[in-house]
Every structure is written in structure tokens, then in C-alpha cells.
Amino acid sequence: MNERMNENLWLTAAECAERIGLTVKALRLYEKRGLINPRRTGKNWRLYGVEDIARLNEILALKRLGLSLARITELLAGHATDLDRTLAMQQTQLLSLRSRIEDSLSRINASRQRIAAGEPISINELVSIAKETSMTDQSAVAWRRYEQARPRTEGTIAPERNDDYLGAYLFDAGGTITIARREGGLTAQVLGQEAIDIYPEKEDEFFCRVVTAQISFRRGPDGRVDRLVLHQNGYEQEAPRIRAEEAARLVADLENRTKNNQPVDNSDALLRSLIAQHQSGEVDYDRMVPALADAGREQMPMIRADLERAGALRSISFKGVSSEVWDVYDVAFEKAAMEWRFVLAADGRFSGIFFRRLP
């Protein structure tokens, strides 16, 4: 066989190390740990192909998140490279960083303009700038998203253990999640949404198949389950168990607001402000729950581009409250018609925002 391979398909150890920014010694170490398995030529030279480069990309991405090589080996050894998951993690980090930089520059520019005009700067503005300029590390969020997206394998637990998890749990933002029985297992239902099946990975650890999310149950000193943690979108939301009466009251309130098409207080003004912020590019992410704020930062360029194409706001018209308790509006712009929806957490922050163009 001709050992002079196409350089686009195979690299020598020296070429691989130079192009990626590693040392040949590091390549040998990764090979020793079973993370890569380069091809050997008839002369026993190592050749690194696409799969090896993808795995090295995965290793370096995890190292940048602060994971030790021992932990990376534990996570990856014996598993095929998930290149899309790795790239998604890196994309999340870069988009978040870009958005935070743009947001910080916008805040600083606005403050400098106020100073030049002789206007005072509030403490809140300075605190906000300081927080954004510090560029809070999103590595932990990116890592959790990566970990949450890994394939899960259904395990087995004693059937009687399912009884430990039944009941309702309340998130800090105000929503509830209810764990109930189904034939052969359990379901989880977030307030205002459809119930979905959950599957045990091991005792106290469950996962969903229709969405990328996991649920961990936590036990108190007496050994009884007293709370759960929802792992989704790189975040971990803890929810203590609540009494059945309290859960029933929350459900009744939801059904009443939906039935009567009752929007939240100042709903119209909230939506107008939300649209105006996205049109200007100066969004108050503190008014959003963390997961929504990070998603908003990532999608800000696309949202603003859509709104620029739509033109100036003309009117908004309340349509009603959806079955998931979102306030729904028809919104007319100069060049487009859209439907906008939003839902608030119990503390008044936005916990969900959605819009789409209408025909």
C-alpha cells in the first residue's frame, strides 16, 4: 500500500501536533489512555485521521472547561466521539462570549454618552456594567449542556422505589413539576405542559427521551425524597416537594386564568418594552430567568435581524392565554405580521419568550 496518504485524510504525529497546537508527547499520552487509536503503517508510523482529529477536538474542548485528563478519560474512554455535541458546546461558549462583549460595549458607550452630556450615572448602571465586564465564565453552563446531551441508557430499579418520587415539587421561579405513575414507570409534568415519560438511569436518577433533560431526586436526613433537580439547557433547577393541596391550588389558578383569558398585570406594556429592547439591541437580561437570558444572548443577532426586516411596530392585539399559560398577542409591524408569546415566573421575570411570523 502506498504510505504517502492524502494529507487531507491522514496526518503524521508531527503534522497533527503542529496543526492542532499540541506536542507529540501529548498525543502519545492520549493514546496510552485509550482516548485515540491512530492508524499504523507498515513501518509502524502513526497516522491520524478524521476520527482522531475529532476526538482531539473533544478532549481540548473539555480541557478548556477545566476538566482534568483523568476526568476526561473517565468520560470518553470506550465512547465514540460525538462531534456535533462538542461543536455545539464550543458554539455556545463563543456565542455567549460575543453577545456579552457586544452588550458590555453597548452599555459602556451609552454611559460615556451620558457623561459627555453632563448627565449622572446611576449605581445600578455601574453595577450592571461591572457585572457584564467581568464576563462571568460560561464554561460551567457549556459543560453541563455537554454532559446533559450525552446518550443515556435505561437501567432498572426496584418497582417499589417509584413510590418514593410521587408528588409535586415547586421551582423557585414558581412553576411546579409533578411526578406520577404510568404503566411500567413514571411521568413528569411541568405545570401547563403535557406529561412525558421518564426512565431510570439508576436509583434516584431519571432521564427523558422526548427532550434533552434529566431529573435527579434528592433525599433528606431521614432518607425520604424531599426535592428534585431538573437538569436542562446547561442549568440545574432545584424544586422542593410541596403538599398536594398547594399543587392543586396552583393548577386551579392556572386553569382559571386560561379559562378567563386573563393576561398578567401590565401585559401590554411588558410586551411593548420587550420588543423595543430587542429592536434597539439593549435588552434587560436581568428581567429574564438565567436559562432564558443565556438563550436570548445567543439568539440576539437573529432576533434583531428579524425585527429590522419587519420594520417599525404598528400595533399589538391581545389574543388570549394559551393552555400553557402564555400571554399571546398578534403584533403588526410595518412590513410583517407576527405572533408573540411570553410567560412570567412567579418572581415577575420572563421565563419564556417566543415569536413567529404569520402568513
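Which residues of α2 are buried? The first legend answers this, after two notes on the model.

This is a predicted model, in which local features need pLDDT of at least 70 and side-chain atom pairs count only at pLDDT 80 or more, while totals for chains, interfaces and linings use all residues. Residues are numbered from 1 along each chain as its sequence is written, and side-chain values use heavy atoms, with hydrogens and water left out.

View 1. Helices (H or I, at least four residues) and strands (E, at least two) are DSSP runs, numbered from the N terminus. A residue is buried under 20% relative accessible area, exposed over 50% and partly exposed in between, with a 1.4 Å probe and protein chains only. In α2 the buried residues are A26, L27, Y30 and E31. Seen down the axis of α2, they fall within an arc of 140°, so they line one face of the helix; the arc is that of the directions from the helix axis to the C-beta atoms. K25 and K32, on the other side of α2, are exposed. The buried residues of α2 pack against α1 (13-20), β2, β3, α3 (50-64) and α4 (69-76). After α2 comes G34, with a positive phi near 80°.

**View 2. The open sheet of 3 strands.** Its order is β1-β3-β2, with antiparallel pairing; two strands pair if DSSP finds at least two bridges between them. β1 (11-12) and β2 (39-40) are at the edges with a single partner strand each, so one side of each has no neighbour in the sheet. Between β2 and β3 (residues 46-48) there are 2 bridges, and R40 stands opposite R46 in β3. Helix α2 (residues 24-32) packs on the sheet and touches β2 and β3, its direction making about 90° with that of β3. Such angles run from 0 to 180 degrees between N-to-C directions, and axes are lines fitted to C-alpha atoms, for helices over the stretch in contact.

**View 3. The closed barrel of 8 strands.** The barrel runs β4-β5-β6-β7-β8-β9-β10-β11 with antiparallel pairing, and the twist averages 35° from one strand to the next. Strand β4 (residues 167-170) is joined to β5 (residues 176-182) by 4 bridges, and the bridge partner of Y169 in β5 is I177. β5 pairs with β6 (residues 185-190) over 6 bridges; here A180 stands opposite T187 in β6. These two strands, β5 and β6, form a hairpin with 2 residues between them, and G184 in the turn has a positive phi of about 85°. Helix α8 (residues 244-259) lies across β4, β5 and β11 (235-242), at about 115° to β11.

**View 4. Residue T176 in strand β5.** T176 belongs to strand β5 and counts as buried, at 3% relative accessibility. Contact means heavy atoms within 4.5 Å. Leaving aside neighbours within four places in sequence, T176 is in contact with residues including Y169, F171, Q189, I242 and L250.

**View 5. The largest nonpolar core.** A nonpolar core is a set of buried Ala, Val, Leu, Ile, Met, Phe, Trp, Tyr and Cys residues joined through side-chain atoms within 4.5 Å. The largest has 26 residues, and L271, M288, V331, F333 and W340 have the most contacts inside it. α10 (290-310) is one of the elements that give two or more residues to this core, and its share, 6 residues, is the largest. Apart from this core lies another of 22 residues, among them Y48, L67, I72 and Y146.
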